[in-house]
Amino acid sequence: MEFILEPWPWYVSGFLIALVMFLLLMMGDRFGMSSNLRTLCTICGAGKKTSFFDFDWKSQKWNLLVMIGAIIGGFIAAHFLSNSSGVDISLETIKDLQQYGINSSENSYLPTEIFGLYSIKNIVLLSIGGFLVGFGARYAGGCTSGHAISGLSNLQLPSLIAVIGFFMGGLFMIHVLFPFIF
Amino acid sequence: MKNLAYISIGVLFGITMYKSEAASWFRIYEMFNFQAFHMYGIIGVAVVLGLIIMQLLKKYQVKTFFGVPIIIDDKEKSFKRYFYGGIIFGLGWALAGACPGPMFTLVGAGFYSLLIVIAFAVFGTYIYGVIKDKLPH
């Protein structure tokens with residue numbers, strides 16, 4: 001039981017992610033979470049104006065159910081399967097973050113300085129972050145699950161290009177833009 | 001029954017994302033600083049096992065649980081859309097520290113500020129759909 005309550009090691013998690021992908025393939029579907037964002041647009045009525053969203057969203061109901069499962073999974077993991085909410089990041093990372101005034105890694109799962117305080121700056125940051133994720137994922141035709149896991153597993157060159165892009169964007173944000181933001 | 005299977009797979013995914021800390025902003029920051037092996041280990045193991053699974057499924061022409069052949073289509077060939085789209089996604093991934101799966105898991109875990117991230121991710125997807133034809137693909 002103690003093992004479950006501690007943060008899980010990378011090899012256990014990597015194995016379980018591959019299992020999730022396998023189960024979805026065996027169900028006759030594909031592992032890809034960002035498609036749900038498009039389906040949500042369609043449910044909100046975006047298909048009336050824009051052909052990209054004009055499809056039968058019920059054909060994607062299965063993926064919405066996976067998404068609802070992911071929400072339930074987060075609830076179960078946080079409330080019943082964890083004995084602390086801190087994240088075990090490296091000492092170097094902790095030091096770097098202190099320069100930005102972010103000190104919450106030991107007792108919080110997300111930086112409370114960004115996610116726990118509804119200041120205008122934080123709302124703007126979360127909005128821009130979300131926008132870029134949604135826009136970029138659809139432009140690139142997939143996100144971490146669709147490209148980095150499913151696509152690379154299937155030796156797809158487009159997915160490799162997308163993953164290189166993910167890293168270029170991420171590195172630029174953290175090494176070039178963060179000093180201006182925080 | 002099928003619906004329950006999908007929800008269960010999602011629950012497994014959500015628990016994995018939370019318990020592996022892959023849903024934590026801190027881990028994403030650490031990954032882009034190359035200060036730990038953790039995230040690379042998660043993605044690496046998933047891809048290597050995924051690769052083996054894909055090869056076996058293809059070699060033995062495995063059928064789904066419902067007896068239908070598994071056919072995995074190749075991704076459409078292009079460079080621009082994957083590269084530009086990828087960079088834009090990466091910028092957001094590092095800033096919000098959440099990709100499209102974990103952002104839902106975090107709401108379940110009680111971090112309601114992620115609803116802002118989700119709302120704008122849906123909005124970003126919508127804007128892509130609107131201006132899609134004007135973008136290089």
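First, the ground rules. This is a predicted model: local features need pLDDT of at least 70, side-chain atom pairs count only at pLDDT 80 or more, and totals for chains, interfaces and linings use all residues. Residues are numbered from 1 along each chain as its sequence is written, chains are lettered from A in the order in which they are written, and side-chain values use heavy atoms, without hydrogens or water.

Start with chain B. Its secondary structure is 6 helices and 0 strands, where helices are DSSP runs of H or I of at least four residues and strands are E runs of at least two. The C-alpha atoms fill a box of roughly 45 × 40 × 35 Å along the principal axes. Of the 137 residues in chain B, 59% are buried, meaning under 20% relative accessible area with a 1.4 Å probe, protein chains only.

Now the core. Which residues touch the most other members of the largest nonpolar core? Phe31(A), Trp25(B), Trp93(B), Met103(B) and Leu114(B), out of 104 residues. A nonpolar core here is a set of buried Ala, Val, Leu, Ile, Met, Phe, Trp, Tyr and Cys residues joined through side-chain atoms within 4.5 Å.

Take Leu114(B). Leaving out residues up to four places away in sequence, Leu114(B) touches Leu110(A) and Phe115(A), plus Ala98(B), Met103(B), Leu106(B) and Val107(B). Contact means heavy atoms within 4.5 Å.

Last, chain A. Under "transmembrane region", an unreviewed UniProt entry lists residues including 62-81 and 115-137; such annotations may be inferred rather than shown by experiment. Residues 62-81 are 95% helix, with end C-alpha atoms 26 Å apart. Residues 115-137 are 83% helix, with ends 22 Å apart by C-alpha.

Definitions and conventions: Buried < 20%, exposed > 50% of the residue type's maximum accessible area, 1.4 Å probe, protein only.
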